[in-house]
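I opened this notebook to keep track of what I looked up, one entry at a time.

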Amino acid sequence: MKVTVVGTGYVGLVTAVGLAKLGNEVIGVDKDTSKIDMLEKGKLPIYEPGLNELFLSVVEEDKLDFYTDIGAAVRNSDIIFICVGTPSLDDGTADLSQVEEVARTVSENLDGYKLIVEKSTVPVNTARWIKRTIELYNKGKRVDFDVASNPEFLREGKAVYDFFHPDRIVIGVDSERAENILLELYAPVNAKILVTDIPTAELIKHASNSFLAMKISFINMISDLCDKTGADVKMVADGMGLDSRIGRAFLDAGLGYGGSCFPKDTRALFRIGEEYHLDFELLKVVDRINLKRIEKFIDKLKDALWVLKDKVVAVWGLSFKPDTDDIREAPSIKIIKELLKEDAYLRLYDPKAMENMKRLFPPDERVEYVDDMYSAVDGAHALLVVAEWGEFKDADLSRVASLMRTPVVVDGRNIFEPGEMAKYGIFYYGMGRGKSV
Ligand code: UGA
């Protein structure tokens, strides 16, 4: 099938490459010419494990092309996936202006039946607006089209795996034609397919992300109680997770959720509830608990070092989670700001996200970026573990302890065991795990 994917961000690129690998002829389109330039030169603008190899292979097979002209891409395809951003406005509402712009362009370029598919996370009933916009700007020309919802469930860092091995594929449609097209498109993927009406599919996405965010805030709330009482939140989560009704996933306590999805989606769903005069206060509390994580984390550092002024603080992990270079809503950003306010010296290290972070915090007298995790801790008064990259878990702890000026580790992701850290004489602070020394 001939497919256009509008938006070449983390979701759009994986979708475009994935659909091309399934044998479709795909056009990736973006109005950001610098991104398209890079892609045309065979370079990815993002880091996502496994994506580069796949990208090069579909380009080689001539299955993936790139345009900056959305209109031309629309005219050259039968299915149009909308994968543009839906960021938060100041009040938490989703900003749908990019989706609306795509709908207008699609409308102006409809030259035969097209299926327009929302993949971006959008508020329930957005498809109705897309349909309305297409009709409005099409000036009454009777061109046939359908709008469908096919939310993405791609975790950054595991997006390629998730594309080919999803837990489920959700298809929201209001015509048999649209349903058949999407069923055919996904036929090569071995997954449970759930076909629903459009609003239901839209809501499945928002509800799923908000529910996962709620699980994280719940365990973080419990983690604070563990800090006060000496219970171990990891064991609490394990014990809860053994109950198949609960499950262990997304019960890792720590610095809370970041990224471009959970913070934005919980706020957007809260605003939707409010719009319908429903009590969605639960989601407000989920967000509030999450926002407080940074304060609690910095308090632990102060508890360890007393005064932060002029202390050298190493930070391991700048991305919002491991295996990505994405720093959107990363806890590291707030942590860096707080530490700079306290006049600390920062030694920052991340396997992939340092270039992105340098744009926010250019290197200077107080902010230093280093090439490996050991250089970060050399002479440092404290080490903060902020994202749980695999290499940190395998760190040589005796080397870390001997390199540090004062061996304090504040582990925002609970990657180390308090007992183990004690063996190296490290003053260890986990989240909800008590102190080991
Ligand atoms: C999330 C969803 O998991 C995807 O299904 C969805 O498609 C995507 O949002 C989206 O809407 O585009 P993502 O944000 O990439 O994916 O990453 P997650 O693995 O879900 O992690 C989100 C945040 O929660 C991270 O900051 C992570 O560190 C944090 N987290 C996760 C915890 O603090 N504890 C946990 O137990 C799990």
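Entry 1. I asked how helix 9 and helix 12 lie relative to each other, and in this predicted model I found that helix 9 and helix 12 (residues 281-291) pack at an angle of about 55°, with their axes 9 Å apart. On the side of helix 9 the contact is made by Ser210, Ala213, Met214, Ser217, Asn220 and Met221, and on the side of helix 12 by Leu282, Leu283, Val286, Ile289 and Asn290. Sorting these contact residues by class, I wrote down seven nonpolar, four polar and no charged.

Entry 2. Next I looked up the partner in the other packing, helix 13 (residues 293-305), which packs with helix 9 (residues 198-229) at an angle of about 25°, the axes being 12 Å apart. Since angles under 35 degrees count as roughly parallel, helix 9 and helix 13 are therefore roughly parallel to each other. The crossing of helix 9 and helix 13 is left-handed. Here Asn220, Ser223, Asp224 and Asp227 in helix 9 meet Arg293, Lys296 and Lys300 in helix 13. By class, I recorded no nonpolar, two polar and five charged residues for the contact of helix 9 with helix 13.

Entry 3. I then checked helix 9 along its length: with 32 residues, helix 9 reaches 47 Å from its first C-alpha to its last, which is close to the 46 Å expected at 1.5 Å a residue. After helix 9 comes glycine 230, and its phi is positive, near 90°.

Entry 4. For the backbone angles I kept in mind that most residues other than glycine have a negative phi. Which residue in the loop between helix 3 (51-60) and strand 3 (64-67) did I look up? I looked up aspartate 62, which has a positive phi of about 65° although it is not a glycine.

Entry 5. Last, I turned to aspartate 343, in the loop between helix 14 (331-341) and strand 10 (345-349). The phi of aspartate 343 is near 65°, again a positive value in a residue other than glycine. Aspartate 343 has a relative accessible area of 32% and is therefore partly exposed.

Conventions: Residues numbered from 1 in each chain as written. Predicted model: local features only at pLDDT ≥ 70, side-chain atom pairs only at ≥ 80, totals over all residues. Heavy atoms only, no water. Helix = DSSP H or I, 4+ residues; strand = E, 2+ residues; numbered from the N terminus. Buried < 20%, exposed > 50% of the residue type's maximum accessible area, 1.4 Å probe, protein only. Axes fitted to C-alpha atoms, helices over the stretch in contact; angles between N-to-C directions. Parallel < 35°, antiparallel > 145°, perpendicular 65-115°, else oblique. Left-handed = near helix turned anticlockwise from the far one by under 90°. Contact = heavy atoms within 4.5 Å. Nonpolar A, V, L, I, M, F, W, Y, C, P; charged D, E, K, R; others polar. Expected span 1.5 Å × (residues − 1).
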